[in-house]
Amino acid sequence: MKAYRTLLSPLMAAVAVVAGGFVLFNLAFVVYALVVTLPAILSGQPVDWVTSALPVILGTTGLSVLIGLAVWYLVDKKLRKHTLLASLLTVPLMAILVVIGIGFYGQSDVVIAAIGALVILPILAYCLWKKVPWVYTLAVAYVGVLGILMMVFDVQI
């Protein structure tokens with residue numbers, strides 16, 4: 001059982017950072033969209049997508065709680081806190097890359113990638129230099145790869 005737990009703990013930590021970061025970013029994006037459209041909702045203007053927002057928010061919140069519980073029970077105690085914090089780290093990092101993409105919309109993808117790299121690479125270097133737990137490095141690298149994939153596949157937000 002000990003060998004099984006030793007193998008399962010880092011695997012679950014990696015899955016939690018990747019899946020948890022993705023779920024949390026989507027939850028943050030939906031909540032932000034609701035906040036931005038709140039004046040239109042309060043003024044009585046019809047906003048079609050708002051009726052489907054509550055199930056999405058509840059579903060992603062529930063999924064976030066399930067991932068958190070899985071981390072709590074399946075990840076070694078010394079890695080638990082770092083895994084949850086690394087998952088949370090993905091949200092502001094991805095938000096920064098999205099803001100860069102929106103702010104420099106219309107510019108060359110090379111320019112946008114270079115500016116994104118100016119954000120991601122120093123953080124990645126810091127993680128490696130300070131020898132922080134590997135889940136933080138994974139989170140930063142994951143966000144960087146997602147940012148590149150968003151550019152390559154022309155994901156529009």
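Hi everyone, let me start with helix H5, which gives the most to the lining of the largest pocket, with eight residues. Helices here are DSSP runs of H or I with at least four residues, numbered from the N terminus.

A quick word on the source: this is a predicted model, where local features need pLDDT of at least 70, side-chain atom pairs count only at pLDDT 80 or more, and totals for chains, interfaces and linings use all residues. Residues are numbered from 1 along each chain as its sequence is written, and side-chain values use heavy atoms, with hydrogens and water left out.

Back to that pocket. It holds about 630 Å³ of space, and of its 29 lining residues, Leu97, Gly101, Ile112, Gly147 and Met151 are the closest to its centre. A pocket, on a 1 Å grid over the protein atoms alone, is an open set of points where a 1.4 Å probe fits, with protein on both sides within 12 Å along at least five of seven lines; lining residues have an atom within 4 Å of a point. Volume is the space filled by probe spheres set on the points, which are joined across faces, edges and corners.

Which helices each supply at least two residues of this lining? They are H3 (77-103), H4 (109-129) and H5 (134-152). By class, the lining has 20 nonpolar, seven polar and two charged residues. Here Ala, Val, Leu, Ile, Met, Phe, Trp, Tyr, Cys and Pro count as nonpolar, Asp, Glu, Lys and Arg as charged, and the others, Gly among them, as polar.

Now the second largest pocket, with about 230 Å³ of space. Its lining has 14 residues, and Phe22, Phe25, Asn26, Met94 and Met150 are the closest to the centre. Helix H1 (2-42) gives the largest share of this lining, five residues, while H3 and H5 each supply at least two. The classes are ten nonpolar, four polar and no charged.

Finally, the surface. Phe29, Val145, Ile148, Leu149, Val152, Phe153, Val155 and Ile157 make a nonpolar patch of about 760 Å², and H5 gives the most to this patch, with four residues. Val155 lies in the segment after H5. Is Val155 buried or partly exposed? Val155 counts as partly exposed because its relative accessibility is 43%; that class sits between buried, under 20% relative accessible area, and exposed, over 50% (1.4 Å probe, protein chains only).

Terms used. Patch = residues over 30% accessible without salt bridge, like charges linked within 9 Å, V, L, I, M, F, W, Y side chains within 5 Å. Areas by Shrake-Rupley, 256 points an atom, 1.4 Å probe, with all protein chains shown as cover. Salt bridge = Lys/Arg side-chain N within 4 Å of Asp/Glu carboxyl O.
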